[in-house]
Amino acid sequence: MPWIFLLFAGLLEIVWAVAMKQSAGFTRLWPTAVMGVSMLGSFGLLALAMLDLPLGTAYTIWTGIGAVGAFSVGILFLGEALTPARIAAAVLIVTGLVVMKLA
């Protein structure tokens with residue numbers, strides 16, 4: 001169950017990161033509200049996952065899901081650049097997540 005909590009915590013991290021971008025510096029109400037609710041949910045689920053998972057593993061996986069997810073959303077929906085260097089960085093993050101899980 002802690003891995004399920006961690007997965008959903010990471011997915012909510014993507015939601016709050018995108019909502020933060022869409023909030024335009026917290027000047028738009030609904031994206032700001034979505035950001036706040038998803039942030040609380042993400043932190044809450046991360047805390048539940050950390051009851052059973054080591055700190056380093058849980059935090060690394062959580063931030064990795066958020067980073068690669070936000071990177072993907074930025075490219076797919078927000079028109080951000082897809083460059084070889086950015087792809088390489090995302091691959092390195094995913095590789096690190098796999099190694100962390102295996103360790």
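Me: Which helix holds I4?
Reply: This is a predicted model, where local features need pLDDT of at least 70, side-chain atom pairs count only at pLDDT 80 or more, and totals for chains, interfaces and linings use all residues. Residues are numbered from 1 along each chain as its sequence is written, and side-chain values use heavy atoms, leaving out hydrogens and water. Helices are DSSP runs of H or I with at least four residues, numbered from the N terminus. I4 falls within residues 2–22, helix α1.

Me: Is I4 buried, partly exposed or exposed?
Reply: Buried means under 20% relative accessible area, exposed over 50%, partly exposed in between (1.4 Å probe, protein chains only). I4 has a relative accessible area of 42%, so I4 is partly exposed.

Me: How far apart are the end C-alpha atoms of α1?
Reply: The expected span is 1.5 Å times one less than the number of residues. For the 21 residues of α1 that gives 30 Å. The model agrees, at 30 Å.

Me: Which helices do the buried residues of α1 pack against?
Reply: The buried residues of α1 include L6, I14 and W16. Contact means heavy atoms within 4.5 Å. The partners are α2 (29–49) and α3 (55–77).

Me: Which residues do ring pairs link into a cluster?
Reply: Rings of Phe, Tyr and Trp (its six-membered ring) pair if their centres lie within 6.5 Å; planes under 30 degrees apart count as stacked, over 60 as edge-to-face and the rest as tilted. There are three aromatic pairs. F43 and W62 are tilted, at 5.7 Å and 50 degrees. The cluster is W16, F43, Y59 and W62.

Note on methods. Helices (H or I, at least four residues) and strands (E, at least two) are DSSP runs, numbered from the N terminus.
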